[in-house]
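Here's a quick briefing to read alongside the model. It starts with charged pairs, then moves on to strands, cores and surface.

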Amino acid sequence: MLVAAAGLSCAVVALIRELPIAVSPARSVYSPEFREQVRLVRSRLPRGVSVLHVSTKPEGWFSRLWQRALYPDYRTIVVQPWDLPKLPELRAKYRPRFAISVGQPPVDLGFAWKVDLGVVPGLQGVTWFGELAP
């Protein structure tokens, strides 16, 4: 009986400590640097446009963070290195006006203008954001 009571009290304490974090887990994965990048990108995007996210190295974390951070207001098309030959096809299909390019150095996608968003901790290289030339 004593062991069960001790286990229950530990569970209650852990629940009280973790509940504020568990209520909004998506916010906890965004670093302050990443949130600032997202804020800058969202401030320049017209609502509803498609955005390419191009990585020079295979990665699945930051590209999906961008998808989640821009959803539901924007469609984010993730392009990994093996998809680069399909880039003209993807541009024709989704008609993106803007792109996020990440790498060391990032791929220059023919930007009409671009902004260097800098580095995010844990990601190799820098991030560019800009409008694609027609």
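D83 and K86 meet through their side chains in a salt bridge, 4.0 Å from N to O; the term stands for a side-chain nitrogen of Lys or Arg within 4 Å of a carboxyl oxygen of Asp or Glu. D83 is buried at a relative accessible area of 15%, while K86 is partly exposed at 41%. (Buried is under 20% relative accessible area, exposed is over 50%, and partly exposed is in between, with a 1.4 Å probe and protein chains only.) Bear in mind that this is a predicted model, where local features need pLDDT of at least 70, side-chain atom pairs count only at pLDDT 80 or more, and totals for chains, interfaces and linings use all residues. Residues are numbered from 1 along each chain as its sequence is written, and side-chain values use heavy atoms, with hydrogens and water left out.

**Other salt bridges**

- The count comes to 5 salt bridges by this rule.
- R39 pairs with E36, with the closest N and O atoms 2.5 Å apart. They sit 3 residues apart in helix α3, so about one helical turn separates them. R39 is partly exposed at 45% relative accessibility, and so is E36 at 40%.
- E131 forms a salt bridge with R97, the closest N and O atoms being 3.3 Å apart. This pair links distant parts of the chain, as E131 is in strand β5 and R97 in the loop between α5 (87-94) and β3, 34 residues apart. (Helices, H or I with at least four residues, and strands, E with at least two, are DSSP runs numbered from the N terminus.) R97 is partly exposed, with a relative accessible area of 39%.
- R42, R47 and D73 are linked in a salt-bridge network.

- In strand β3 (residues 98-103), 6 of the 6 residues are buried, so the rest of the structure largely encloses it.
- F98, I100 and V102 point one way from β3, A99, S101 and G103 point the other way, and all are buried.
- Strand β1 (residues 50-55) runs parallel to β3, with 5 bridges joining them; S55 has V102 as its bridge partner in β3. Strands pair if DSSP finds at least two bridges between them.
- β3 and strand β5 (residues 126-132) run antiparallel and are joined by 6 bridges. F98 has E131 as its bridge partner in β5.
- H53 lies in strand β1 and is buried at 0% relative accessibility. Leaving out residues up to four places away in sequence, its contacts (heavy atoms within 4.5 Å) include E59, F62, W66, I100 and V102.

**Nonpolar cores**

- Which residues touch the most other members of the largest nonpolar core? They are F34, L45 and W66, out of 21 residues. Such a core is a set of buried Ala, Val, Leu, Ile, Met, Phe, Trp, Tyr and Cys residues joined through side-chain atoms within 4.5 Å.
- α3 (32-44), α4 (62-70), β3 and β4 (111-118) each supply at least two residues of this core, and the largest share, 5 residues, comes from α4.
- A second, separate core has 11 residues, among them V54, I77, L87 and L90.
- Neighbours within four places aside, W66 contacts F34, Q37, V38, V41, H53, T76, I100 and L117.
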